[in-house]
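Please walk through this structure with me, one feature at a time. Keep the model open as you read.

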Amino acid sequence: AASELLYPLLPIFLTGVLAAPPVVVGVIEGLADATAGIVRYFAGKWSDTRGRKPFIGAGYGIAVLGKGLVAGAVVWPMVLFGRMTDRFGKGVRSAPRDALIAATTEPKDLGRAFGFHRMGDSLGAVIGPLLGLLALSVMQGNVRAAMWWALIPASLSAALTILIREPKLKHVTQHQQAPVATSHHLSRSFWRVATVLSVISLVNFSDALLLVRVLDLGFSTTEVVLAYVLFNSVYTIGSYPAGIVSDRIPRHIVYAIGLAFFAIGYLGLGLVDQGPWVYVVVAAYGVFPALTDGVGKAWIASTVSRDQLGRAQGVFQALTTGGILIAGLWAGLLWRIGPGNGVVPLLIAGSIAGIASLLLGFNVVRITPASSRA
């Protein structure tokens, strides 16, 4: 709720209050996500041997500081520093958290577990923007003042990590001082899945740019935030069922269907120009993360041994966030080219996603999903 209270207000704050061009939105979000990706690799790897709870608690604490820096920014480089701090905290906590979820879940229920987590996370993404609208109303439309409200749920999140109970790491024994996770070898199955999903991330630019597109179509700040709430509502509703289904049928099929909705969302936002169809397209786009975020993490977890879960999640998330950085850069640079704001990058990314959906769905790329951990 804390991050998602801030997120839909950020492009409005940057382009409206600080007068930054749209390319800056893409660059900031890309660099912020890249920071999280790099940190995820190390945090995930170290959490396999040093415990996951300390990383999770520290990550939420650092994020509180980052959100404060963003709300207090007077020029866009300060927003960049704040977002990188915030995402540094996200990087510290994300892979260890996902590894902890996988380590405490039976292999046959990985999709269900990650689907449940994504449902809860995206529910926060529904509550957060609604709190943002309430803050805007109370603060009489002052975007900066509304952004300060994010520190309240952020601080509560950090405090709640005290309640985490982590099982002891069983792979370290008196006769085995160096855990298996220190091995530099992840399975071939892991690398096949991680490579394909990382390549797909090269067209998945920041959702902040999609919000800029809705804003450019003439929607008000409130309407943009409501569109984001709609997106996350669909995401919330779909995540848990998608996770359950992915435990029963090959995960590449579920992921491919998600990519088809990615294509519908991007192509739709590139082709529509106004009216209620924008909300229809945004709702359709919400199906994409519902069918891919938790499913992708469960898919990765199913390809490695239990004592490499942190490392695997860290490597995978570092690769995909690196792809998102590249996507944000090229999309931001192309944003003003074409018949309308954002049309060209939306049509390019949507078309590629549609092709990728077909290739993945028909297993042209030769991915054989594992039914359990290697």
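Start in helix 6, where Arg118 and Asp121 sit three residues apart, about one turn of the helix. This is a predicted model. An α-helix has 3.6 residues a turn, so residues three or four places apart point the same way. The side chains of Arg118 and Asp121 meet in a salt bridge, at 3.2 Å from N to O. How exposed or buried are these two partners? Arg118 counts as buried because its relative accessibility is 9%, under the 20% cut-off. Asp121 is partly exposed, at 35%.

Now look at Lys108 and Asp109. Their side chains form a salt bridge, 3.0 Å from N to O. Lys108 is exposed at 59% relative accessibility, while Asp109 is partly exposed at 21%. In total, the whole structure has 10 salt bridges.

Glu106 lies in the loop between helix 5 (76-103) and helix 6 (110-138). Glu106 counts as exposed because its relative accessible area is 51%, and the cut-off is over 50%. From the C-alpha of Glu106 to that of Ser357 is 29 Å, and the two residues are 251 apart along the chain.

Turn next to helix 3, which covers residues 22-50. Its 29 residues reach 41 Å from first C-alpha to last, close to the 42 Å expected at 1.5 Å a residue. Helix 3 also has a kink of about 25°, centred on Arg40. Just after the helix comes Gly51, with a positive phi of about 90°.

How many cavities of 30 Å³ or more does the structure hold? There is one. Which elements give two or more residues to its lining? They are helix 10 (207-216), helix 11 (221-246) and helix 13 (277-301). Helix 10 gives the largest share, four residues. The lining residues include Asp207, Leu210, Tyr228, Phe231, Leu269 and Tyr285. By class, nine lining residues are nonpolar, none is polar and one is charged.

Notes: Residues numbered from 1 in each chain as written. Predicted model: local features only at pLDDT ≥ 70, side-chain atom pairs only at ≥ 80, totals over all residues. Heavy atoms only, no water. Expected span 1.5 Å × (residues − 1). Bend = angle between axes of the 7 residues up to and from the residue. 1 Å grid on protein atoms, 1.4 Å probe; cavity = no way out; pocket = protein on both sides within 12 Å on 5 of 7 lines; lining within 4 Å. Points joined across faces, edges and corners; volume = space filled by probe spheres on them. Nonpolar A, V, L, I, M, F, W, Y, C, P; charged D, E, K, R; others polar. Buried < 20%, exposed > 50% of the residue type's maximum accessible area, 1.4 Å probe, protein only. Salt bridge = Lys/Arg side-chain N within 4 Å of Asp/Glu carboxyl O.
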